[in-house]
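My notes on what I looked up follow the structure.

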Amino acid sequence: MGNQVEKLTHLSYAEVPTAEPNGFDPDDEGPRIGVSYIFSNDDDDQDEHVDRCSQDKRAANHEEKPFDPRDELACAIYYRDECVHETSAAAATHSAESLLNKCRPGDLLEFVATGQYPHWAVYVGDFQVVHMHRAEIKNNFLTDVSQGKKGRVVNALYRYRALPPEVVVRNALDHVGSRDRELYWRNSECFAAWCRFGKREFKIGGEIRIGKQPYRLKLLFSEKKSHVLEFQSLEDVIMEKRRNDQIGKDAVTQELENHLNTAQEHKEGHFGN
C-alpha cells in the first residue's frame with residue numbers, strides 16, 4: 001500500500017510555527033515551515049456550515065449580529081521584500097444597492113459579515129457578478145449574491161497589474177458553470193483575483209511548495225504591535241488571511257497571546273531543566 005497522506009487543516013496558532021513580532025526569530029537561523037492548506041476544503045464550502053449555524057442563532061436570538069468593522073484585522077502580504085497585498089482596518093462598506101452605483105465591469109467586490117468568510121465576486125455589468133460559491137462558478141445578480149451583507153470594491157488590495165476590464169469580464173464569464181474537479185481555485189477570492197490579474201499563483205498548485213517560505217503575512221494589530229507568519233505559497237497565505245477574517249481580530253489576538261505564552265513557558269521550562 002502506498003503512503004497515505006493525512007488531511008492538513010489549520011486549527012490554531014499552537015500548530016503554526018511563527019516568527020517573532022518584528023519578523024525575525026533570533027533563536028532560529030533556518031527557515032520556518034508555515035501551515036499548508038494543500039489538502040483543505042474550499043472555505044466557501046464551509047460558508048454553508050456557517051450559514052446554517054447563523055440561521056440557528058438567528059432563530060434563537062431573533063436577530064443577526066451586525067458587521068463590526070472594528071473587529072477587522074489589518075494585514076499585509078509580502079513576497080520576499082515586495083508588498084503584494086495590503087488591507088487597512090475598518091475600510092468603508094456599502095449596501096448592495098449603493099455598491100451598484102460605485103462598481104464598473106471588471107471590478108472586484110468583497111462582501112463581508114461577522115463570523116463568515118469574505119465572499120469575492122467579479123462585477124461583469126448589467127447588475128450582475130460572477131463568483132465561486134460552494135464549488136461552482138455562478139453568474140447572479142449582485143443584490144442576490146450579497147444576501148444582505150455589506151460590500152466594497154477591492155481592486156487595490158492586491159498590488160499586481162490588472163488586466164484590461166474586458167479581459168477580466170471574459171475570464172469570469174468563460175468559467176461560468178464550472179464545478180468540482182473542473183475548478184482551479186480554492187475559494188472565491190482566489191478565483192476573482194485570478195480573473196483580474198491572471199496570475200497562476202492564485203490557482204491550486206500554482207506554486208511548488210519546496211524550500212524556504214518566500215511569503216510573509218504581517219498581522220497589524222496596531223501601529224506598534226504586529227506579528228509575522230511565513231508561508232510557501234500565496235494560496236496558503238490567502239487561506240490563513242481569510243480564516244482570520246472569519247474569526248475576527250479579537251479571536252486572532254487571543255490565539256496569538258496563548259501561543260506566545262505557551263512558547264515562553266516551554267522555553268523557561270527548558271532552561272530550568
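**Entry 1: the chain**
I am working from a predicted model. I began with the overall make-up. The protein chain has 273 residues, and 47% of them count as buried. I found 7 helices and 9 strands in its secondary structure. The accessible surface comes to about 15,000 Å². Carbon and sulfur atoms hold 48% of that surface.

**Entry 2: the cores**
I then asked which residues have the most contacts inside the largest nonpolar core. They are Val122, Tyr158, Phe202 and Leu219, in a core of 40 residues. Helix α5, residues 188-197, gives the most to this core, with 7 residues. In soluble globular proteins, nonpolar side chains tend to be buried together.

I went back to Phe202 and listed its partners, not counting residues up to four places away in sequence.

**Entry 3: Leu157**
I picked a loop residue next. Leu157 is in the loop between β7 (150-153) and α4 (165-173). Is Leu157 buried or exposed? Its relative accessibility is 18%, so Leu157 counts as buried; the cut-off is under 20%. I set aside neighbours within four places in sequence and checked what Leu157 contacts. The list is Val84, His85, Glu86, Thr87 and Trp120. Val84 is 73 residues from Leu157 in sequence. In space the two are 8.3 Å apart, C-alpha to C-alpha.

**Entry 4: the largest pocket**
I finished with the largest pocket. Its volume is about 450 Å³. I counted 35 residues in the lining. Which of them lie nearest the centre? Glu72, Glu110, Val112, Arg152 and Asp245 do. By type, the lining divides into 16 nonpolar, 10 polar and 9 charged residues. I then sorted the lining by element. β1 (74-79), β2 (82-87), β3 (108-112), β7 and α6 (234-247) each supply at least two residues. Helix α6 gives the most, with 5 residues.

How values were computed:
Residues are numbered from 1 along each chain as its sequence is written. This is a predicted model: local features need pLDDT of at least 70, side-chain atom pairs count only at pLDDT 80 or more; totals for chains, interfaces and linings use all residues. Side-chain values use heavy atoms; hydrogens and water are left out. A nonpolar core is a set of buried Ala, Val, Leu, Ile, Met, Phe, Trp, Tyr and Cys residues joined through side-chain atoms within 4.5 Å. Buried means under 20% relative accessible area, exposed over 50%, partly exposed in between (1.4 Å probe, protein chains only). Helices (H or I, at least four residues) and strands (E, at least two) are DSSP runs, numbered from the N terminus. Contact means heavy atoms within 4.5 Å. On a 1 Å grid over the protein atoms alone, a cavity is a set of points where a 1.4 Å probe fits but cannot get out, and a pocket is an open set with protein on both sides within 12 Å along at least five of seven lines; lining residues have an atom within 4 Å of a point. Grid points are joined across faces, edges and corners, and a volume is the space filled by probe spheres set on the points. Ala, Val, Leu, Ile, Met, Phe, Trp, Tyr, Cys and Pro count as nonpolar, Asp, Glu, Lys and Arg as charged, and the others, Gly among them, as polar. Accessible areas come from the Shrake-Rupley method with a 1.4 Å probe; for residues, only the protein chains shown count as cover.
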